[in-house]
Amino acid sequence: MDDRIIQQCILQVLEPICEAKFHDHSCGFRPNRSASHAISRTNFLMWKSSCHYIVDIDIKGFFDNVNHGKLLKQMWTMGIRDKNLISIIGRILKSKIKGIGTPEKGTPQGGIISPLLSNIVLNELDWWISDQWETFETKHTYTARESKYRVIRKANLKEVYIVRYADDAKILCKDYKTAENIFIATRNWLKDRLGLEISPEKSKITNVRKGKTEFLGIALYVSKKKGKFVTRINISDKAKTSIQAKLKEQIKVIQREPTSQNVNLLNSMILGIHQYYEMATLCSLDFAKIDFVVSKSLYNRLRGKTKKVKGWKRNKEKPKTEHSKSKTYQRFYGDYNPKPKIVAGVTIFPIYGCKFKPPMNFTQEINNYTVTGRTLIHSELGSVRSLVKHLLQCKEYDNSVEYNDNRISLMAGQNGKCGVTKEPLTVGDMECYHKKPKELGGTDEYENLMWVNKAVHKLIHATTPETIEKYLTILQLDDKMLKKVNSLRLLAENLEIGEVTI
C-alpha cells in the first residue's frame, strides 16, 4: 500500500508535464481520451482521407522489454529533471518480483505509473511518424492545415498518419508502396532507437478494401456505397468469442446460485459490453448472432428458474401481466419487446439490444495541462463557469475540505441547475443541501449533496401547512418535482407533503 501511495504521488507530479507533450492521437490510458476516440480517428482517416492501407504494429512483449536507461533519458528530455525523482523511479523500475528477482528491463505490471511510463516510451514513436507528414515543419507558415498539405504533396512526401492505443499502433497510408516502406522503417527504428521488436505474427499490412484490420476488439474495413468507399465496423471474431464465453460463464454461476445479485451482475456485463461495442456500425447484426448462441445456454441452464409471463406477444407493446422492469432496463432497453426472462425477480437485459452510436471525435487541443486545452474545457461549461469561479473564491472555511471540493464538482455535474426544478441557479439564490442532514448522520460525500434554490430548500424543511402552501405556490411543481421533494423530506425525517394537512 505504501508503494502505491508513493506511485500515485509521483503520477500527480509527472502527468501535467507529460500530458502537455504527448501526441494528440495517442489515446491509451490518458485523461480525456478513450478507445472510442482511437476508433473514431481511424474511421475518419479510412473514410475521409482514403487511407486504405493499414500497417499494424504490435510490439512483442512491450511491457516486459522497456529499456530502463532509455526510459529515464526520455523523461529527462521531456523536462523531468529532478534527479531525486528520477532516482526513485529508477528504484521502482527495479523493484524485486517474487519468484523472479530484480528485473533488468520492463515496467512494473499493475503499477499505477506503468501506463504513463509506457506512453513516455512510445511518445517518441508518435512524433517520429507524425513528423513525416502531419507535423512536418515547413519554412513558410500556413494558416490552414489543408493548404500546408497541398504544398508538401508537391514535394513527394508520403502521407502517413498514426493512431496509437498503448502498445497497439496503426499507421495509415494511401498506397501499398508507402505502407511497405513505413513498415520496414518503423520496425528498424523501434529496434535501433528503443530496443524493441515487433511481433511478426500480429504485425502486417492490410488493404481494407479487400480485408479487415482489427483494433481494440473492432474489425474495420471499407466497402463501396454510391460510388464511394465508406467504413464498415464489426465486432472482431475474437471479441465475439470472448463475449459469448463470459456471458455463458455468468449464466453457469446463476444456475448454481440464482440470486438477484448474480442476475444483476449478468445485466451489468451485458450493458457494459453494449456501451463499448455500440461504436461498431454493424453491432446490431453481431449481437443478434451472439444472442442466438448465448440464448440457448440461457434457456437450457435456467429453464426451471425462469418465471413465465402470461399474455406476452412479440407484436404487442405490453403483456397482459406486466413484468417488472428496472429503471435501467426502461432507460436503455425500453424500445425493445423481447420475451421476458425473469430470474430471482430481475428481468435479464436483451443481449441483442444494441444500437449503433457513432464514435465521436473531439477537438484534439483539449488537454487539462495546456493553456489552450483548459480554455476549451472551460468554454464547454458555459454559464456554469461563472458559478464555479464564484465558489472557488468563496470557500466555506467552517466546513470540511471534502465538502468544499464536492460542492464545486457537483455544480458542474448539475450543469448549474437546481436538482429539483432544473431551473438555472444564480449567485444569491442557490444552496448546497445535504440530502440526509448532518445532524441525522449525513456526510459531506458527493452522493449526499445537491444544489437547490432557496425556495426548494425552505419547502424541504417546512412543517406548517401555511409555509408549505406558500412555497408550493411560488414553485409550481409538477408531479415529478413533487415526488423528488417528498423523497428529500423523508430523508430529513419530515412528512410527505400529501400527508400534511393544508
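Strand S6, spanning residues 218–225, is joined to S7 by eight bridges, and the two run antiparallel. Strands here are DSSP runs of E with at least two residues, just as helices are runs of H or I with at least four residues, and both are numbered from the N terminus; two strands pair if DSSP finds at least two bridges between them. The model is predicted, with local features needing pLDDT of at least 70 and side-chain atom pairs counting only at pLDDT 80 or more, whereas totals for chains, interfaces and linings use all residues. Residues are numbered from 1 along each chain as its sequence is written, and side-chain values use heavy atoms, leaving out hydrogens and water.

The open sheet has three strands in the order S5-S6-S7, with antiparallel pairing. Strands S5 (213–215) and S7 (228–235) are at the edges with a single partner strand each, so one side of each has no neighbour in the sheet. On average, neighbouring strands of this sheet are turned by 35° against each other, direction ignored (axes are lines fitted to C-alpha atoms, for helices over the stretch in contact; angles run from 0 to 180 degrees between N-to-C directions).

Turning to the cysteines, a search of the whole structure finds zero disulfides, a disulfide being a pair of cysteine sulfur atoms within 2.5 Å. For Cys-27, the closest cysteine sulfur, in Cys-51, is 16 Å away, too far for a bond. Cys-27 is buried at 5% relative accessibility (buried means under 20% relative accessible area, exposed over 50%, partly exposed in between, with a 1.4 Å probe and protein chains only). Cys-354 is likewise in no disulfide, and its nearest cysteine sulfur, that of Cys-283, is 3.7 Å away. Cys-354 is buried too, with a relative accessible area of 3%.
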